[in-house]
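Q: I have a model open and would like to walk through it with you, a piece at a time. Could we start with one spot in a loop and work outwards from there?

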Amino acid sequence: MGIFNKIFNKKDKNPENKEGINNIKNIEKTEEKKLVKVINDETGKIGLETIKKEPQEEPKEELKEELKEELKEELKEELKEELKEELKEESNLREKLTKPRTGFFSKLKTFFSGKSLIDDAMYDEMEDILIQSDIGLEMTTKIVSSLEKEIKIKGIKDTKKIYPLLKEVMERFLIKENTELKIEDGQVNIILVVGVNGVGKTTTIGKLASKFIENGKKVVLGAGDTFRAAAIEQLEEWAKRSKADIVKGKQGDDPGAVVYDTLEYAYEKNVDVVIIDTAGRLHNKNNLMKELEKINNIIKKKIGDRYYESILVIDGTTGQNAISQAKEFNEVTDLTGFIITKLDGTAKGGIVFSISELIKKPIKFIGVGEKISDLREFDVREYINAIFD
Ligand SMILES: Nc1nc2c(ncn2[C@@H]2O[C@H](COP(=O)(O)OP(=O)(O)O)[C@@H](O)[C@H]2O)c(=O)[nH]1
Ligand SMILES: [Mg+2]
């Protein structure tokens, strides 16, 4: 007779057996499902032995696994939301950059798809298109020779493969480091905004202020363009709109004095970010550069060796003139980067690809419209994807 038969047949006669069965049942009922060993010893008695597992271990592990799964799901949801936002931003940027994308860049795409041979004539024609798009001769030469090298190394024969390769090559010429404005907590951070008349300095300052204020920073604007009364009023309007403070003088006042007062105000009131507007035109260019040099010195004297941002605003619809502007301004204010505006309004926009490489400074923001929200942090990848089809 087998052990289990013994248990079941003798269950009423032998109280020990009955107890054994109850034990088995009890054990089976428990969630832990302990192992049970039934012993048939020489006397015919049946004993039970439970092999105890490490108490609690298994449930704890199981629980951990369950929680991990739950967390994974939660994280997935969060990431999905983030990704959705990113995609929305990306498609929004694509929309804003419709002109350059459907202008110059789609012209390039059509050009390559219409070619069947990679030869000197193709490179020549391509150079023409790049130059026409405001990339300029110097930069065009760099791009084309880099592309040519790449085509040779990779042994590319199919002209359809050139457009994506050109995208890679051009992306390499954009500086990816320090594209953010450096803002330190607990410090008075200074951003000096320079550039010729009409490029979008004052508008950009308003947009920047609004971004900082949205992020909980205290901002003061310094009305350093005292050349025209309208310039001061325009900055005041932006201060109101973005809820920033403003320090201003009267038309014709010494801009250096306004900058000094703005810095004093900032230290006194524990301001996080000071943004200084400047004139883009004075009676002559020499005066303008001297003025900026003076402003630069006032700031340096106040903050010592500390880093401050000196940003040149460039109108994205101007051509190669922007490069010479950048060189001149860089000499007097030691630029830390660029903001390229009006990229929504040009079918060219090639300046984005030459300015960083030629002056060796990063682009920090791009302007893609006149609204307060139309200033975008410059993200190389996002930008490249938005303009290449
Ligand atoms: N479409 C477009 N217009 C812009 C952009 N940034 C500035 N503007 C316009 O450019 C003009 C000159 O701007 P303003 O800020 O006065 O230039 P400033 O002389 O350098 O201070 C204004 O009409 C702005 O609305 C931009 O990103 N896109
Ligand atoms: Mg202005």
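Q: Where is Lys360 placed?
A: In this predicted model, Lys360 sits in the loop that links helix H13 (351–359) to strand S9 (363–367). Although Lys360 is not a glycine, its phi is positive, at about 60 degrees.

Q: And is Lys360 buried or exposed?
A: Lys360 counts as exposed, because it has 10 C-beta neighbours inside 10 Å, and a residue with 12 or fewer is classed that way.

Q: Okay, what about Asp334, what is its phi?
A: Asp334 has a positive phi of about 50 degrees, and it is not a glycine either. Asp334 lies in the loop between helix H12 (321–333) and strand S8 (337–341), and it is exposed because 12 other C-beta atoms lie within 10 Å.

Q: Back to H13 for a moment: is Ile351 buried or exposed?
A: Ile351, which belongs to helix H13, counts as buried because it has 30 C-beta neighbours inside 10 Å, where 20 or more is the cut-off.

Q: Which residues is Ile351 in contact with?
A: Leaving out neighbours within four places in sequence, Ile351 is in contact with Asp134, Ile314, Gly316, Ala322 and Ile340. There is also a C-alpha separation of 8.3 Å between Ile351 and Thr317, which are 34 residues apart along the chain.

Q: Ile314 is on that list, so what does Ile314 touch?
A: Not counting residues up to four places away in sequence, Ile314 touches Gly195, Val199, Ala322, Gln325, Ala326, Phe338, Ile340, Ile351 and Ile355. Ile314 is also among the residues that touch the most other members of the largest nonpolar core, a set of 79 residues, together with Ile191, Leu221, Val274 and Ile275.

Q: Let's turn to the strands. How many residues of strand S7 are buried?
A: Strand S7 (residues 309–315) is mostly covered, with six of its seven residues buried.

Q: Which strands does S7 join, then?
A: S7 runs parallel to strand S3 (residues 189–194), to which four bridges join it, and in that pairing Val193 stands opposite Ile311. S7 also runs parallel to S8, through five bridges, with Asp315 and Thr341 as bridge partners. The chain passes from S7 through H12 to S8, and this β-α-β crossover is right-handed.

Q: How covered is S8?
A: S8 is mostly covered, since five of its five residues are buried. Gly337, Ile339 and Thr341 point one way from the strand, whereas Phe338 and Ile340 point the other way, and all of them are buried.

Q: Switching to S4, which residues lie on each of its faces?
A: Val219, Leu221 and Ala223 lie on one side of S4, with Val220, Gly222 and Gly224 on the other, and all are buried.

Q: And which strands pair with S4?
A: S4 pairs in the parallel sense with strand S6 (residues 273–278) over six bridges, and Leu221 stands opposite Ile275 there. Three bridges join S4 to strand S5 (residues 245–247), again with the two strands running parallel, and in S5 the bridge partner of Leu221 is Ile246. S4, helix H9 (residues 229–242) and S5 make a right-handed β-α-β unit.

Q: New topic: which residues come nearest to ligand 1?
A: Of the 18 residues around ligand 1, the nearest are Gly200, Lys201, Thr202, Thr203 and Gly367.

Q: Which element gives the largest share of that shell, and what is its make-up by class?
A: Helix H8 (residues 201–214) provides the largest share, namely three residues. By class, the shell around ligand 1 holds two nonpolar, eleven polar and five charged residues.

Definitions and conventions
Residues numbered from 1 in each chain as written. Chains lettered and ligands numbered in written order. Predicted model: local features only at pLDDT ≥ 70, side-chain atom pairs only at ≥ 80, totals over all residues. Near = placed C-beta within 6 Å. Nonpolar A, V, L, I, M, F, W, Y, C, P; charged D, E, K, R; others polar. Pairing = 2+ DSSP bridges. Right-handed = clockwise from strand over helix to strand, strands pointing away. Core = buried A, V, L, I, M, F, W, Y, C linked by C-beta atoms within 7 Å. Contact = placed C-beta atoms within 7 Å.
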